[in-house]
Amino acid sequence: MAKHAAEEPVTPSTEPESEEPRGMRFPSAFTVLFLVTIAVWLLAFVIPTGAYRNEDGAPVPGSYERTDDPLTFGGRLMQLFIAPVNGLYGVMNDEGFIGPYESGELYGAAGVFLFVLAIGIFITISMTTGAIDNGVARIAQRMSHRGPVLIAVLMVLFSIGGTTEGMAEETLGFYALVIPLILALGYDRLVATGVIMVGAGIGVLASTVNPFATGVASDSAGISIGDGIGFRLLMYVVLVPIGIWWVLRYAKRVKADPSASRVNSVEGDEELRTSGLGDVAELTARQKLVLTIIGLTFAFMIFAIVPWAQIIDGPNAESYAWQLDWYFPELAALFLAMSLVVGLIGGLGEKGLTDSLVRGAGDFIGVGLIIVLARGVTAIMNNAEITGTILNSMEELVSNTDSGVFGAVMFLINLPLAFLVPSSSGHAALAIPILAPLADFAGVSRAIVVTAYQSASGVVNLITPTSAVVMGGLALAKVRYDQYLRFVLPLIGILIVLCIVMIAAAASF
């Protein structure tokens, strides 16, 4: 998932195929955040202290004032030392100071941390039942004689996984399934790569309820994950067909003239072309029920988090009686409960269920730690009282700009940030607390900042060499990184232009 595109290494089995030179290896998200933590701590000695007056949790434009330095040198050392703890369960007191022993509102990311583990457990248990793999295989087999339609359907399925749960690392398991099928249809390995990587990647770019991007960013911005969902859905509806068109355009050219392929055939391709997908087992009654439950769980999550009354009747409307207004605690409980249901129905048994539960939590704990570390950085900035100064330095820039220009600037700012912090979760937790208040100064919804961030992150994570999803997927597909870049870079340009136009237009209304 884009949620942790860089913190999970490629599995050992894929490393021999990778052509990424060792000298080009980029630091992991953990290393980047460690360096950012040190840099921010040092900058706090230089940046003047200051604060805004807050009303209803938002800084009041024009109310910035310089303040006395609140910390001694020893206090600053303690802030660096305790930053990860504050990032997990630091509490903000009435005076705005964050610490583990304060009384007030939880500032740390404990709720998001548990939610990440819960959805990781749910996804892992669902994959362990075999229902997802077999379901995709059945669809592929039934449509194996209609190449363009099959490509479009598979890309839609991957994009749905991307927009709802940030599907990224999970896609690595599908290359062995999709490549033989795509070759059997007369296409090449780059088409298979595009089906999976572009399909899921644009879904993540246009995340609607992706908890690892939209969820973490919305939490950091102090808004509901449902805020702005209508616009994000519109982006999904517009951008996914463009990604499908791009892959089909190349696939049609290769089908008509195999010499137009941008990649070379590798040993075994001819056998794969003749064997195709092979035999696929029928979906069992258990697997059909598991797939139904997975779909219903995500559908219920969407229903539970959408602020229906506020969307229909206006932002200040009272919630309907049937409106749930769920947030991370309830969602974590939902996915933990449904993990047990899926595991039991899927026939995993007590040992299989508990083993998958532990494995799922272990696979996703890296994501949670990234979020915690990033939240710790913002705690350092807050306690050193430099956040207000940073906001003030940007206030004039955004307050005097047109709303549409603000939306475009937010997207462009997040492009380099996405490269420096490839984890979408870490990027959100680190940048959104600073960027979201700027929307208040510009008179724009904070949901625009969230959408701009996740769109920029999604674009960058389609091509960044720091991503295990990109490099691992290319290694599995046996496609060189430069070959993939030549294929996808024009599409990236199209996506960037469309994102800027759509976000600028949305910010203007």
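Me: In this predicted model, which residue forms a salt bridge with R486, the closest N and O atoms being 3.3 Å apart?
Reply: A salt bridge requires a side-chain nitrogen of Lys or Arg within 4 Å of a carboxyl oxygen of Asp or Glu. At 3.3 Å between the closest N and O atoms, the pair formed by R486 meets that cut-off. The partner of R486 is D482.

Me: Which helix holds both R486 and D482?
Reply: The two residues are four positions apart, about one turn of the helix. The helix that contains both spans residues 481–508 and is α20.

Me: Which residues are linked with D482 in a network of salt bridges?
Reply: D482 forms a salt bridge with R486. D482 also forms one with R480, where the closest N and O atoms are 2.9 Å apart. The residues linked with D482 in the network are therefore R480 and R486.

Me: Is R486 buried, partly exposed or exposed?
Reply: Buried residues have under 20% relative accessible area and exposed ones over 50%. R486 has a relative accessibility of 44%. Because this value lies in between, R486 counts as partly exposed.

Me: Which residue meets D355 in a salt bridge?
Reply: Side chains of opposite charge can pair when their charged atoms come close. For D355, the N to O distance in the salt bridge is 3.1 Å. Both partners lie in helix α14 (residues 349–383), four residues apart. The partner of D355 is K351.

Me: Is K351 buried or exposed?
Reply: D355, its salt-bridge partner, is partly exposed with a relative accessible area of 37%. K351 has a relative accessible area of 57%. Because a value over 50% is the criterion, K351 is exposed.

Me: How many salt bridges does a search of the whole structure find?
Reply: Among them are the bridge of D355 with K351 and the bridge of D482 with R480. The search of the whole structure finds seven.

Me: Where does F45 lie?
Reply: F45 belongs to a nonpolar surface patch of about 500 Å², made together with L42, V46, F73 and L77. Because patch residues need over 30% relative accessible area, F45 qualifies at 37%. F45 lies in the loop between α1 (29–43) and β1 (50–51).

Me: What is the order of the strands in the open sheet of three strands?
Reply: The edge strands are β6 (98–99) and β7 (105–106), each pairing on one side only. Strand β5 (residues 91–92) is joined to β6 by two bridges, and M92 stands opposite I98 in β6. With antiparallel pairing, the order is β6-β5-β7.

Technical notes: Residues numbered from 1 in each chain as written. Predicted model: local features only at pLDDT ≥ 70, side-chain atom pairs only at ≥ 80, totals over all residues. Heavy atoms only, no water. Patch = residues over 30% accessible without salt bridge, like charges linked within 9 Å, V, L, I, M, F, W, Y side chains within 5 Å. Areas by Shrake-Rupley, 256 points an atom, 1.4 Å probe, with all protein chains shown as cover. Buried < 20%, exposed > 50% of the residue type's maximum accessible area, 1.4 Å probe, protein only. Pairing = 2+ DSSP bridges.
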